[in-house]
Amino acid sequence: TMAVVSLVSLAAPTARLRALQPWRACFAVTLGGILWMLLARLWGAMADRHGRRRTLLLGAGGVTLAYWSMCAVIILSLQMLPPPLWAYLGLVFTRGAVGAFYSAIPTAAQALIADHYGPGERAGSLAALGAAGAFGMVAGPALAGLLAQSSLSLPLYVTALLPAAGFVALWFSLPRHERPRRRVEASLSLVDPRLRRPMAVCLIVVTAIGAGQMTVGFFALDR
């Protein structure tokens, strides 16, 4: 999460250096979030069919490769100065891929918790998972902003190590033998009354966070 969210600290200065309008930089981040949302249920279905370990490793490996590609696009665009449109398209494609693969991680991780913890322990375990994600949302941009004082490329090189380290940690720590799961034919509807309020709250809160994080960078540059 630190790596995925760290881009918000670099989006504004990168966009200014490459003569990209703010909405273009913001759209790249938005697309990643949209794909993260739309693909979550597909990753969940894959975790049910093929197992939590395989899904988590595929997601983490995909995030690693996609994030490296995104870093390469940004670094090359800053050094070689290609036409702004090419830099923009490369950023949109790679950032979208990051969001698409990252969607697998919280989805399969929550399923893994449900498999290995009883009803009385799940809330605390899910809260720990959420706290880890929240920490990453704060620490990632802070780390990138701190390193960017030297150069815009340094945060990309450093944060590129994070998803790779996460993949290695998952490879060695995830259970290799998974518990058999009872097949459930009924699928929980997205309009289920029990989901409406938490989904609405999450949508509003995360939208506000994203808007604030992206806007403050351009505001700081203007002032």
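A search of the whole structure finds 2 cavities of 30 Å³ or more. A cavity here is a set of points on a 1 Å grid, over the protein atoms alone, where a 1.4 Å probe fits but cannot get out. Points are joined across faces, edges and corners, and a volume is the space filled by probe spheres set on them.

Before I go on, two notes. This is a predicted model: local features need pLDDT of at least 70, side-chain atom pairs count only at pLDDT 80 or more, and totals for chains, interfaces and linings use all residues. Numbering runs from 1 along each chain as its sequence is written, and side-chain values use heavy atoms, with hydrogens and water left out.

Back to the cavities. The largest has a volume of about 50 Å³. Its lining includes Thr-14, Arg-18, Val-73 and Ser-77; lining residues have an atom within 4 Å of a point. Which helix gives the most to this lining? That is α5, with 3 residues. Helices are DSSP runs (H or I, at least four residues), numbered from the N terminus. By class, the lining has 5 nonpolar, 2 polar and 1 charged residues. Ala, Val, Leu, Ile, Met, Phe, Trp, Tyr, Cys and Pro count as nonpolar, Asp, Glu, Lys and Arg as charged, and the others, Gly among them, as polar.

The second largest cavity holds about 40 Å³ of space. Here α2 gives the most, with 4 residues. The lining divides into 7 nonpolar, 1 polar and no charged.

Now a pocket. A pocket is an open set of points with protein on both sides within 12 Å along at least five of seven lines. The second largest pocket has a volume of about 160 Å³. Two elements give two or more residues to its lining: α2 (7–17) and α11 (193–222). The largest share, 5 residues, comes from α11.

Leu-10 is buried, with a relative accessible area of 3%. Buried means under 20%, exposed over 50%, partly exposed in between (1.4 Å probe, protein chains only). Leu-10 and Ala-148 are 138 residues apart in sequence, yet 7.8 Å apart in space, C-alpha to C-alpha. Leaving aside neighbours within four places in sequence, the contacts of Leu-10 include Ala-144, Leu-152 and Pro-155. Contact means heavy atoms within 4.5 Å.

Next, α4 (residues 40–50). Trp-43, Gly-44, Met-46 and Ala-47 are buried there. They cover an arc of only 160° around the axis, so they sit on the same side of α4. That arc is taken from the directions from the helix axis to the C-beta atoms. The face turned away carries exposed Leu-42 and Arg-49. What do the buried residues of α4 pack against? They pack against α5, α6 (84–102) and α7 (104–116).

Thr-55 is buried, at 0% relative accessibility. Among the residues Thr-55 touches are Trp-43, Met-46 and Ala-47.

Last, the cysteines. How many disulfides does the search find? It finds 0. A disulfide is a pair of cysteine sulfur atoms within 2.5 Å. The sulfur of Cys-71 is 19 Å from the closest cysteine sulfur, in Cys-26, so the gap is too far for a bond. Cys-71 is buried, at 4%. Cys-26 is partly exposed, at 22%.
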